[in-house]
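Thank you all for coming.

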Amino acid sequence: MLQASLADGTAHRRSVFELFARRLPDGRRYGVIAGVNRLLDALEQFRFDDQAIGFLSDLGIVDQATCEWLANYRFSGDIAGYADGEIFFPGSPVLVVESSFAEAVLLETVFLSILNHDSAVASAASRMTWWAGGRPCIEMGSRRTHEEAAVASALAAYIAGFATTSNLEAARRFGIPSAGTAAHSFTLLHDTERDAFVSQVDALGKGTTLLIDTYDLTEAVATAISITGTELGAVRLDSGDLPSLAGQVRDQLDSLGATKTRIIVTSDLDEYQIAALAPAAVDVYGVGTSLVTGSGYPTCGFVYKLVSREDASGKMTPVAKKSPHKISIGGRKYALRRRSAAGVAEVELIGVGEPPVDDGDDRYLLKQLVESGKIIGRTTPAESQAHHLKVRDELPRSASQLSRGEPAIPTEYVGDLNARNPFTPRSQR
């Protein structure tokens, strides 16, 4: 595309690309954006060095003129988007890229790969932390995904409310609080469970977390408290009927005076199990596989589409796909979340060609991220998490439901649509 458009002169036409999802996964009432700051880092480093140009040239992938253009590539346009931690719905223009066609088209894969992955993890994580209530969640999924995806997943989970991560590289890169526990192999290494517990407490102090379900649970709790007294930080359960076992352990800890010792549960948890554990004597959830795989939906289905471009006369004109089941709406979009006087979200209002009007209780959603090639919209992980928890509180209570259903609020368009609304809820079609 780049080579052909450079040759015919259309590569330099002003263009607007938008990144959005046509629908939410079945059963999801909302999605969560994550990966925006990683995307900005990737954009800043997006270059074609001598080695890359040599590869493209030697294999004849593009011609010499295209190689010369790529060697000088720097994004010089504007990007607006939803911030890390923001909620999105079908049709939400989560990223709006304005530049020449050539500059913008090259970014499709890197932008989609980052936002589809990170937002899938954050969307699952948000449901988990919502149902966890005030109980902390630890991200523990590094062994269930690619090593770099593990780092990105830890950040996405933190944005969506997880308290800590067991991934130390994520803690190093992003300043996320870290936490972890010992594995069964540490207990099995020692001649007795007592030896393992003594070793761990001697090394890490009485505030450590002891894994208590390697052998006999009741005996393990008794042994742990005999070593630490009532100052043991926590115990971890990793198998069995977690609600009943947690109750049993809580009763035993309390009877031994260890009323402040916390109970951490793991074992392939997801949002459904976390919801089921709400009445149980659990203090902390450790979540791995389901989290880093998006709890069954490892991608958000984001697409990156050209919605407006400069015509031969120099005028910006809307463009849109008409393919069945994959149509889009032409024209540059602006987004506003319509809220009630009480601050509850009611509608995702999308203006086509111009911003929708704030009636006094609403919130504009697009934030300037890049201006004339300069990155201006970075946020810290802590800021992103605070933003997410704040905007999630805007949603109607139905948004927390785990059963199948429509998005928590509808998406509506105002302006010149050029096509019917492809994001109408299924029940209204």
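Ala80 stands opposite Gln368 in S17. Please bear in mind throughout that this is a predicted model.

S17 in turn pairs with S18 in the antiparallel sense, over two bridges, and here Val370 has Ile375 in S18 as its bridge partner. The hairpin of S17 and S18 has two residues between the strands, and in it Ser372 takes a positive phi near 50 degrees.

If we now step back to the whole sheet, in what order do its seven strands lie? The order is S13-S12-S1-S5-S3-S17-S18, in an open sheet whose pairing is antiparallel. Its edge strands, each pairing on one side only, are S13, at 316–318, and S18, at 374–375.

Two helices lie across this sheet, and I would like to take them in turn. Helix H2, residues 36–44, lies across S3, S5, S17 and S18, and it runs at about 10 degrees to S17, the strand at 367–371. Helix H6, residues 108–132, lies across S1, S3, S5 and S12, with an angle of about 140 degrees to S12, the strand at 302–310.

Turning to another sheet, is the pairing of its six strands parallel or antiparallel? The pairing is parallel, and the strands form an open sheet in the order S7-S6-S11-S10-S9-S8. The edge strands here are S7, at 164–165, and S8, at 209–211, each of which pairs on one side only. S7 is joined by two bridges to strand S6, residues 137–139, and the two run parallel; Glu139 has Thr165 in S7 as its bridge partner.

Next, the charged side chains, for which the count comes to 22 salt bridges. One of them is formed by Glu148 with Arg173, whose closest N and O atoms are 3.0 Å apart. This pair links distant parts of the chain, 25 residues apart, with Glu148 in helix H7 (residues 147–159) and Arg173 in helix H8 (residues 168–174).

Finally, the open spaces. The largest pocket has a volume of about 550 Å³. Which residues lie nearest its centre? Of the 20 residues that line the largest pocket, these are Met140, Arg143, Arg144, Arg236 and Thr266. By class, its lining has five nonpolar, ten polar and five charged residues.

Among the residues that line the second largest cavity are Leu24, Pro25, Arg28, Phe88, Ala120 and Tyr297, and its lining as a whole divides into seven nonpolar residues, three polar and one charged.

Conventions: Residues numbered from 1 in each chain as written. Predicted model: local features only at pLDDT ≥ 70, side-chain atom pairs only at ≥ 80, totals over all residues. Heavy atoms only, no water. 1 Å grid on protein atoms, 1.4 Å probe; cavity = no way out; pocket = protein on both sides within 12 Å on 5 of 7 lines; lining within 4 Å. Points joined across faces, edges and corners; volume = space filled by probe spheres on them. Nonpolar A, V, L, I, M, F, W, Y, C, P; charged D, E, K, R; others polar. Pairing = 2+ DSSP bridges. Helix = DSSP H or I, 4+ residues; strand = E, 2+ residues; numbered from the N terminus. Contact = heavy atoms within 4.5 Å. Axes fitted to C-alpha atoms, helices over the stretch in contact; angles between N-to-C directions. Salt bridge = Lys/Arg side-chain N within 4 Å of Asp/Glu carboxyl O.
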